[in-house]
Amino acid sequence: MRAIQITQTGGPEVLALREVPTPTPGPGEALIQIEACGVNFIDVYFREGRYPAQLPFIPGQEAAGTVIALGPDVGAVKIGDRVAWCGVSGTYAEFAVAPVSKLIAIPEDISARQAAAAMLQGMTAHYLAHSTYAIQRGDDVLIHAGAGGVGLLLTQMAKQRGARVLTTVSTEEKAALARKAGADEMILYTQEDFAAKVRELTGGKGVPVVYDSVGKTTFDGSLACLRPRGVMVLYGGSSGAVPPFDLIQLSTKGSLYVTRPTLKDYAATREELELRAGDVLRWVAQGSLKLRLEHSYPLAEAAQAHRDLEARKTTGKVLLIP
């Protein structure tokens with residue numbers, strides 16, 4: 001089969017298209033023919049070596065397709081089922097093996113591309129809004145990268161929960177996308193100090209929560225946006241890792257909280273996985289959660305997909321199509 005394989009970590013150029021053996025499903029596993037796979041910043045972290053992985057490896061953590069073979073002791077799915085999954089490496093390929101325990105059935109009225117686009121980012125937005133900090137009606141919340149894949153979905157979920165959404169974006173075009181998703185206030189961080197603007201927009205009080213996927217360049221400003229006992233939710237680092245900092249800052253800025261959540265800990269059981277994925281896919285099917293799917297690349301162009309993602313040239317979801 002064709003797959004993107006990484007033999008050494010580095011920049012996008014290490015994403016090489018190669019012929020590799022098609023995997024064989026083991027006990028409790030299924031072999032899926034992939035129709036679409038998601039491109040996420042976690043893939044960049046593995047490619048760079050920021051997250052360790054044994055070389056060589058096939059990147060990718062999210063996909064959707066059709067079951068074509070089953071390993072021993074599999075009864076929960078059957079050949080021909082349409083499924084989606086995330087949190088299992090090896091999806092930048094024509095075929096992949098995944099544990100049946102990770103597979104979610106795709107509803108009939110959702111395409112494979114929609115399912116691949118919704119799983120990781122949709123469930124991330126779900127746990128951020130419902131669990132890491134459970135947004136309450138009337139809350140002011142700050143969402144960085146408001147036109148990104150998670151940002152657009154998180155904005156919609158925050159509005160569902162009755163929040164006033166403040167979001168940062170880099171351009172007027174991205175501000176328009178954030179506004180269409182329901183954001184109330186768009187802050188162009190390229191033109192003004194977002195922390196000062198947040199304080200102005202909240203009458204000096206600050207916000208109870210900041211959702212920050214940017215990291216290095218926004219972290220200090222994000223802390224400055226929080227009201228006393230506010231929660232700093234750092235769920236990504238698209239600008240780089242946050243340098244070490246003195247925890248006394250959390251005290252001097254108002255007894256703040258900082259958390260660094262990941263999806264695997266918020267979908268740790270089958271019950272929780274089904275709850276989050278079920279909500280997300282149902283909302284997509286109903287039209288109450290809208291996806292943006294305008295950035296699709298052939299599998300062979302994975303390197304360009306990474307370049308565009310890192311250069312902030314994309315909005316919404318980025319997909320690879322085998």
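Visitor: How many salt bridges turn up in the whole structure?
Guide: A search of the whole structure gives 15 salt bridges. Keep in mind that this is a predicted model.

Visitor: Which residues are linked in a network of salt bridges?
Guide: R47, E48, R50 and E310 are linked that way.

Visitor: Is R47 buried or exposed?
Guide: R47 counts as buried, because its relative accessibility is 2%, under the 20% cut-off. Its two partners are another matter: E48 is partly exposed at 32%, and E310 is partly exposed at 26%.

Visitor: Which residue forms a salt bridge with E185?
Guide: That's R164, with the closest N and O atoms 3.6 Å apart. E185 lies in strand β10 and R164 in strand β9, so this pair ties together parts 21 residues apart in sequence. E185 counts as partly exposed at 26% relative accessibility, and R164 counts as partly exposed at 25%.

Visitor: Let's talk about sheets. What is the strand order in the open sheet of 6 strands?
Guide: The order is β10-β9-β8-β11-β12-β13, and the pairing is parallel. β10 (185-188) and β13 (257-259) stand at the edges with a single partner strand each, so one side of each has no neighbour in the sheet. From one strand to the next, the twist averages 15 degrees.

Visitor: How many bridges are there between β11 and β12?
Guide: Strand β11 (residues 207-212) and strand β12 (residues 226-234) pair in the parallel sense over 5 bridges. Along that pairing, D212 stands opposite L234 in β12.

Visitor: Which helix packs on the sheet, touching β9 and β10?
Guide: Helix α4, residues 172-181, does that, and its direction makes about 160 degrees with that of β10. In the loop between β9 and α4 you'll find S170.

Visitor: What is S170 in contact with?
Guide: Leaving aside neighbours within four places in sequence, S170 is in contact with Y189 and T190. S170 counts as buried, at 18% relative accessibility.

Visitor: New topic: which strand does β14 join up with?
Guide: β14 is joined by 4 bridges to strand β15 (residues 318-321), and the two run parallel. In β15, I321 is the bridge partner of P298. The chain crosses from β14 to β15 through helix α10 (residues 302-310), making a right-handed β-α-β crossover.

Visitor: Which residues are on the covered face of β14?
Guide: H295 and Y297 are on the covered face of β14, with S296 and P298 on the uncovered one. In a regular strand, side chains alternate between the two faces of the sheet.

Visitor: Last one: how many disulfides does the search find?
Guide: The search of the whole structure finds 0 disulfides. Take C86: the nearest cysteine sulfur, that of C37, is 13 Å away. C86 is buried, with a relative accessible area of 9%, and C225 is buried too, at 0%.

Key. Residues numbered from 1 in each chain as written. Predicted model: local features only at pLDDT ≥ 70, side-chain atom pairs only at ≥ 80, totals over all residues. Heavy atoms only, no water. Buried < 20%, exposed > 50% of the residue type's maximum accessible area, 1.4 Å probe, protein only. Pairing = 2+ DSSP bridges. Right-handed = clockwise from strand over helix to strand, strands pointing away. Axes fitted to C-alpha atoms, helices over the stretch in contact; angles between N-to-C directions. Contact = heavy atoms within 4.5 Å. Disulfide = S-S within 2.5 Å. Salt bridge = Lys/Arg side-chain N within 4 Å of Asp/Glu carboxyl O.
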